[in-house]
Amino acid sequence: MLPIALSLLPMALLGQEIRVLVSDAPGASDYHPGVGEGYLIRPAPHVDLNVVWDPAFQTFRGGFRTDDEWMNGVKQPPTQYDADKAVVFLPSTSRSQVLDSDPEFFGSQGGDVWIFPSTGQESATTFSPYLGFSAYGVPNNGTFTSVGTSTTGRVYWSVHAVENLSNPAANEFYGYDNSLALCLAHPGYQPSAELPMLANGHGHLNLLFQGPGMYRVTFRVRGILAATGREVSGLIPVYFGVENWQIPSGPAPATGYEAWKLASFSSSPQAADPLVSGLNADPDGDGANNLMEYAFNGNPLIPGVAGKPQMENLTDGGQEYLAIRYQRRKGDSILSTTVESTADLSAVTWSGLGVQMGAGTAVGADYEEVVYRAPVSKADAPKQFMRVRVLKE
Ligand SMILES: [Ca+2]
Ligand SMILES: [Ca+2]
């Protein structure tokens, strides 16, 4: 019999996974404010904050996407980074002072501001990347409602939260267009707090920061499903380094069930509500509580569980066996699944342990499909029952 082996994924340091996106204007890549080891500089004059629709989880995800990246004189295809895998950087040369003619939300005259000039020309002197907003990962096929006679679906951006991780006192952030008709603002000044965008489209917005530091700006993107009229949304937290791209050390990122919960329940109230996202809740009413959804690769908001245990028959060593196939979560040291069998349903303990057949087959990054047979062949025990016991410490 083989014991059930849970593989532990190595925890990588945050900095080692992060690409720092800077303009490739001459001198841009010289702006190294002494960051930790492992950060990689990616010269990219045009970067989009690109949103992607995830139909399996009925939510939006996204992150920075290089649109015009050059390496050794060769133009590279676009690279989309997960939200926590890239930082766009504004060096000190992007700092300017508020003029009397600037809009009032710039702050008091003479104060420092940093701007990504997305609605103007790409700058050859400030070395900041030209930053657009895009929805290239949102299908324009009738999934989302449109406006008026247009057949093109829409999504809508707003600012959910702004944090300056290295200088919490300086968290002012604004997004605005040159006409000032639209302003993603936090807090306060907001003629319009949403940026509408065509599905598979692109938009422009200047981003203004009022203090140096490492910012995490969490955008909320929403859309309305044309088929049902239901609103769906997702939170996209992205990092902006303003004269600083070092992410301060802080609480360890969520792992295990907590990480799955945050990824599975897109809105903060759901993730914080144990009646929706707790281990025993069953918000999609499919009979599998969230622990089972987590253990067996389910989506807690869509009925059904992709990797739930299935009975099957197999032959091993010339003998026929009852067997069970399921997808199990990897990398969680306090979650275990045990395949058990018994010939007597009234038994208090199911004493037979399943025997794993071969190695697991990877299902995405977090799950593997495994097959266990009963310890006793059908010939030796004509009546048998099998189950998978899930235990979370
Ligand atoms: Ca469920
Ligand atoms: Ca489900």
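Trainee: Where do I start? How far does the confidence reach?

Mentor: Start with pLDDT. The mean pLDDT of the protein chain is 84. Of its residues, 84% reach 70 or more.

Trainee: Over which residues does pLDDT stay under 50?

Mentor: Over residues 1–13. The model still has 18 contacts beyond four places in sequence for that stretch. Be careful with such places. Where pLDDT is low, the predicted coordinates should not be read in detail.

Trainee: How many helices and strands does the protein chain have?

Mentor: Four helices and 25 strands. The chain has 393 residues, and 35% of them count as buried. Look at the contacts too. Among contacts with a separation of 6 or more, 59% are between residues 24 or more positions apart.

Trainee: How do I read a sheet?

Mentor: Strands of a sheet pair through backbone hydrogen bonds, either parallel or antiparallel. Follow the order of the strands. Here, seven strands form an open sheet in the order 2-1-6-17-16-10-13, with mixed pairing.

Trainee: Which strands stand at the edges?

Mentor: Strand 2 (40–43) and strand 13 (195–198). Each has a single partner strand, so one side of each is left without a neighbour in the sheet. Neighbouring strands of this sheet are turned by 35° against each other on average, direction ignored.

Trainee: In which sense do strand 6 and strand 17 pair, parallel or antiparallel?

Mentor: Parallel, over four bridges. V88 stands opposite F240 in strand 17.

Trainee: How many bridges join strand 16 to strand 17?

Mentor: Twelve, and the two strands run antiparallel. Strand 16 covers residues 213–224. R222 has S233 in strand 17 as its bridge partner. The two strands form a hairpin with six residues between them. In the turn, G229 has a positive phi of about 75°.

Trainee: Why is strand 17 largely enclosed by the rest of the structure?

Mentor: Count its buried residues. Nine of the twelve residues of strand 17 are buried, so the strand is largely enclosed.

Trainee: How do I read a core?

Mentor: In soluble globular proteins, nonpolar side chains tend to be buried together. Here, the largest nonpolar core has 55 residues. Within this core, L21 and V87 touch the most other members. Strand 17 (residues 231–242) gives the most to this core, with six residues. A second, separate core has 19 residues, including Y257 and M386.

Trainee: What does L21 touch?

Mentor: Set aside residues up to four places away in sequence. Then L21 touches, among others, F64, V87, V88 and P129.

Trainee: F64 is on that list. Is F64 buried or exposed?

Mentor: Buried, because 27 other C-beta atoms lie within 10 Å; the cut-off is 20 or more. F64 lies in strand 4 (residues 59–71). Beyond its neighbours within four places in sequence, F64 is in contact with residues including Y81, A86 and V238. F64 and D82 are 18 residues apart in sequence, yet 7.2 Å apart in space, C-alpha to C-alpha.

Trainee: And a loop residue? Where does T79 lie?

Mentor: In the loop between strand 5 (74–76) and strand 6 (86–90). T79 is partly exposed, with 17 other C-beta atoms within 10 Å. T79 and R65 are 14 residues apart in sequence and 5.4 Å apart in space, C-alpha to C-alpha.

Trainee: How do I read one face of a helix?

Mentor: An α-helix has 3.6 residues a turn, so residues three or four places apart point the same way. Now look at helix 1 (residues 256–264), where Y257, W260, K261 and S264 are buried. Seen down the axis of helix 1, the buried residues fall within an arc of 100°, so they line one face of the helix.

Trainee: What is the strand order in the open sheet of three strands?

Mentor: The order is 21-20-25, and the pairing is antiparallel. Strand 21 (352–353) and strand 25 (385–392) stand at the edges. Each has a single partner strand, so one side of each is left without a neighbour in the sheet. Strand 20 (residues 335–342) and strand 21 pair over two bridges. E340 stands opposite L353 in strand 21.

Conventions:
Residues are numbered from 1 along each chain as its sequence is written. Chains are lettered from A and ligands numbered from 1 in the order in which they are written. This is a predicted model: local features need pLDDT of at least 70, side-chain atom pairs count only at pLDDT 80 or more; totals for chains, interfaces and linings use all residues. Two strands pair if DSSP finds at least two bridges between them. Axes are lines fitted to C-alpha atoms, for helices over the stretch in contact, and angles run from 0 to 180 degrees between N-to-C directions. Two residues are in contact if their C-beta atoms, placed from the backbone, lie within 7 Å. A nonpolar core is a set of buried Ala, Val, Leu, Ile, Met, Phe, Trp, Tyr and Cys residues joined through C-beta atoms within 7 Å. The arc is that of the directions from the helix axis to the C-beta atoms. pLDDT is the predictor's confidence in each residue, from 0 to 100.
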